[in-house]
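Visitor: I am new to reading protein models. Could you show me one and take my questions?

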Amino acid sequence: MAASNAQALARPRKKKSKLGWNLLGLLVFATAGFPVYWMLNTALKPAKDAIDPDPHFFPRTLTTENFRRALDIGDFWGAIGRSLIVSVVVVVIGIAVGLLAALAISRFAFRGRKIVIIGILAVQMVPLVAMIIPVFLLLNDLGQYDKLTGLILTYLTFILPFTVWTLRGFIVNVPKELEEAAMVDGCSRTGAFVRVVFPLLAPGMVATSVYGFIQAWNEYLYALMLMSQNHQTATVWLSNFTTQHGTEFAPMMAGSTMMAVPIVALFLLVQRKMAAGLTAGAVKG
């Protein structure tokens with residue numbers, strides 16, 4: 001009788017707790033999603049309404065004129081193409097090199113291993129703006145200033161440490177016994193990694209690749225300082241809407257919306273793998 005009464009009292013508490021978490025989740029969603037909604041709202045309203053001192057939560061008139069205006073500013077498709085090339089190449093190189101480096105510091109004991117790990121963390125703590133002058137001088141000496149290859153090398157300096165550190169966490173969570181069992185069955189160390197460990201790392205590699213792609217895609221400072229107007233990336237292209245006469249907010253938001261499309265499409269394509277990768281990286285297994 002006492003047990004049944006306790007269960008009856010516990011049910012309302014669980015419902016209240018669940019309701020509280022749901023409300024918190026909705027609050028977080030609304031906070032994170034409101035800037036995106038306002039970007040779309042501004043992109044679809046007439047330009048004069050975008051600078052109205054009394055803005056409306058819902059647009060009174062919808063128009064696509066801002067998108068046409070955005071496409072007429074500068075070289076939109078060229079900027080998007082250059083950003084895609086740089087982001088994809090950075091992610092491919094970062095994952096290929098980062099996976100080998102993460103495997104080395106996770107599975108092998110060698111002299112200076114701790115120094116390497118500390119160095120990876122230290123590099124990520126250095127502000128990007130502090131490196132702009134040394135990077136500029138180095139690329140200028142190498143003949144890589146105002147070239148996509150130079151920008152790719154620059155992006156790798158901060159995306160590669162992030163990739164190594166993230167993939168290391170996924171590799172550490174894969175038990176060594178799986179590799180040892182495969183080697184006992186006749187696999188070489190490389191074969192055991194390719195056949196056993198690599199498939200388990202696939203979700204983590206997808207999640208790391210997406211975040212690396214976002215970092216390269218959204219980077220602005222180096223792209224502004226190291227590339228000329230003729231070779232600008234998508235983020236720098238957005239600055240064309242700010243002139244000495246002011247900022248065209250509605251076309252800028254339309255351009256931002258178009259820039260967000262590749263990221264959204266990428267998330268939709270790999271969302272299941274990303275969820276699996278984030279879950280795998282969150283638990284020690």
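Guide: Start with the surface, where Trp21, Leu24, Leu27 and Val28 form a nonpolar patch. A patch takes residues with over 30% relative accessible area and no salt bridge; like charges are joined within 9 Å, nonpolar side chains (Val, Leu, Ile, Met, Phe, Trp, Tyr) within 5 Å. This is a predicted model: local features need pLDDT of at least 70, side-chain atom pairs need pLDDT 80 or more, and totals for chains, interfaces and linings use all residues. Residues are numbered from 1 along each chain as its sequence is written, and side-chain values use heavy atoms, leaving out hydrogens and water.

Visitor: Is Val28 buried or exposed?

Guide: Val28 is found in helix 1 (residues 2-43). Helices (H or I, at least four residues) and strands (E, at least two) are DSSP runs, numbered from the N terminus. Buried means under 20% relative accessible area, exposed over 50%, and partly exposed in between (1.4 Å probe, protein chains only). At 52%, Val28 counts as exposed.

Visitor: How many salt bridges are there?

Guide: A salt bridge needs a side-chain nitrogen of Lys or Arg within 4 Å of a carboxyl oxygen of Asp or Glu. Apply that rule, and the count is six.

Visitor: What separates Glu65 and Arg68 along helix 3?

Guide: The two form a salt bridge, with the closest N and O atoms 2.8 Å apart. Glu65 is partly exposed at 41%, and Arg68 is partly exposed at 45%. They are three residues apart in helix 3 (residues 65-72), so the separation is about one helical turn.

Visitor: How many residues apart are Glu179 and Arg107?

Guide: Their side chains meet in a salt bridge, at 2.5 Å from N to O. Glu179 is in helix 8 (residues 176-184) and Arg107 in helix 4 (residues 76-107), so the pair links distant parts of the chain. Glu179 and Arg107 are both buried. They are 72 residues apart.

Visitor: Which residues do salt bridges with shared partners join into one network?

Guide: Look at one link: Asp49 and Lys48 form a salt bridge at 3.4 Å, N to O. Asp49 is buried at 12%, whereas Lys48 is exposed at 61%. The network joins Lys48, Asp49 and Arg60.

Visitor: How many aromatic pairs does a search of the whole structure find?

Guide: Rings of Phe, Tyr and Trp (its six-membered ring) pair if their centres lie within 6.5 Å. Planes under 30 degrees apart count as stacked, over 60 as edge-to-face, and the rest as tilted. The search finds 15.

Visitor: What kind of pair do Phe213 and Trp217 make?

Guide: Both lie in helix 9 (residues 189-218), four residues apart. Phe213 is buried at 9%, and Trp217 is buried at 2%. Their ring centres are 5.9 Å apart and their planes at 15°, so the pair is stacked.

Visitor: And what kind of pair do Trp237 and Phe241 make?

Guide: Both residues are buried. Their ring centres are 5.3 Å apart and their planes at 85°, so this pair is edge-to-face.

Note on methods
Areas by Shrake-Rupley, 256 points an atom, 1.4 Å probe, with all protein chains shown as cover.
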